[in-house]
Amino acid sequence: LKENNEFVRDQMGKPTQKPSGKRLFQLFRRVRELKEIENGKIICRIVNYSDELKQINRLLGPMIEKYYA
């Protein structure tokens, strides 16, 4: 975060460049994969994946990004 001058909200909603691992897990625990059947095809959707989580995911690198692509 510091290298890219980016911030993440802490538990109090304040911006921080040093979030705890616990905080990151808290943010990502809401993300779900939803499978629906539309016109006989299974459609997979990622829900509760906010812009903030996309930013964090991008900063964590390709090893983590692949799980949310």
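Me: Is Pro19 buried, partly exposed or exposed, and what is its relative accessible area?
Reply: This is a predicted model, and in it Pro19 belongs to the loop between E2 and H1. Buried would require under 20% relative accessible area and exposed over 50%. Pro19 therefore counts as partly exposed, with a relative accessible area of 22%.

Me: What is the C-alpha separation of Pro19 and Leu1?
Reply: Leaving out residues up to four places away in sequence, Pro19 touches Leu1, Val8 and Leu24. Pro19 and Leu1 stand 18 residues apart along the chain. Their C-alpha atoms are separated by 9.3 Å.

Me: Which residues is Leu1 in contact with, leaving aside its neighbours within four places in sequence?
Reply: Leu1 sits in the segment before E1. Its relative accessibility is 26%, so Leu1 counts as partly exposed. With those neighbours left aside, the contacts of Leu1 are Glu6, Val8, Thr16, Gln17, Pro19 and Leu59.

Me: How many Å apart in space are Leu1 and Ile56, C-alpha to C-alpha?
Reply: Leu1 is placed in the segment before E1, whereas Ile56 is among the buried residues of H2. In sequence, Leu1 and Ile56 are 55 residues apart. In space, C-alpha to C-alpha, the value is 8.6 Å.

Me: Which backbone nitrogen does the side chain of Thr16 reach, and at what distance?
Reply: Thr16 is part of strand E2. At 17% relative accessibility, under the 20% limit, Thr16 therefore counts as buried. Beyond four places in sequence, Thr16 touches Leu1, Glu6, Phe7, Val8 and Asp10. The side chain of Thr16 reaches the backbone nitrogen of Lys18, at 3.1 Å.

Me: How far apart in space are Gln17 and Arg29, C-alpha to C-alpha?
Reply: Gln17 lies in the loop between E2 and H1. Between Gln17 and Arg29 the sequence separation is 12 residues. The C-alpha to C-alpha distance for this pair is 20 Å.

Me: Are H1 and H2 roughly parallel, roughly perpendicular, oblique or roughly antiparallel to each other?
Reply: The axes of H1 (residues 21-28) and H2 (residues 51-60) come within 11 Å and cross at roughly 130 degrees. Angles from 65 to 115 degrees count as roughly perpendicular and those over 145 as roughly antiparallel. The crossing itself is left-handed. The relation of H1 to H2 is therefore oblique.

Me: How many nonpolar, polar and charged residues make up the contact of H1 with H2?
Reply: From H1, the residues in this contact are Leu24, Leu27 and Phe28. They meet Glu52, Leu53, Ile56 and Asn57 in H2. By class, the residues of the contact come to 5 nonpolar, 1 polar and 1 charged.

Me: Which elements do the buried residues of H2 pack against?
Reply: The buried residues of H2 are Glu52, Leu53, Gln55, Ile56 and Asn57. An α-helix has 3.6 residues a turn, so residues three or four places apart point the same way. The buried residues of H2 pack against strand E1 (8-9), H1 and helix H3 (62-65).

Me: Which residues is Glu52 in contact with, leaving aside its neighbours within four places in sequence?
Reply: Glu52 is in helix H2. Its relative accessible area is 17%, so Glu52 is buried. Apart from those neighbours, Glu52 is in contact with Val8, Arg9 and Leu27.

Me: Which residue follows H2, and what is its phi near?
Reply: H2 covers residues 51-60. The residue that follows H2 has a positive phi, and this residue is Gly61, with phi near 100 degrees.

Me: What is the phi of Asn5?
Reply: Asn5 is in the segment before E1, and its relative accessible area of 56% makes Asn5 exposed. Asn5 is not a glycine, yet its phi is positive, about 50 degrees.

Me: Where is Asn48, and what is its phi near?
Reply: Asn48 is in the loop between strand E4 (41-47) and H2. Asn48 is a residue other than glycine with a positive phi, near 65 degrees.

Key. Residues numbered from 1 in each chain as written. Predicted model: local features only at pLDDT ≥ 70, side-chain atom pairs only at ≥ 80, totals over all residues. Heavy atoms only, no water. Axes fitted to C-alpha atoms, helices over the stretch in contact; angles between N-to-C directions. Helix = DSSP H or I, 4+ residues; strand = E, 2+ residues; numbered from the N terminus. Parallel < 35°, antiparallel > 145°, perpendicular 65-115°, else oblique. Left-handed = near helix turned anticlockwise from the far one by under 90°. Contact = heavy atoms within 4.5 Å. Nonpolar A, V, L, I, M, F, W, Y, C, P; charged D, E, K, R; others polar. Buried < 20%, exposed > 50% of the residue type's maximum accessible area, 1.4 Å probe, protein only. Polar contact = N/O pair within 3.5 Å; in protein donor to acceptor, adjacent residues only side chain to side chain.
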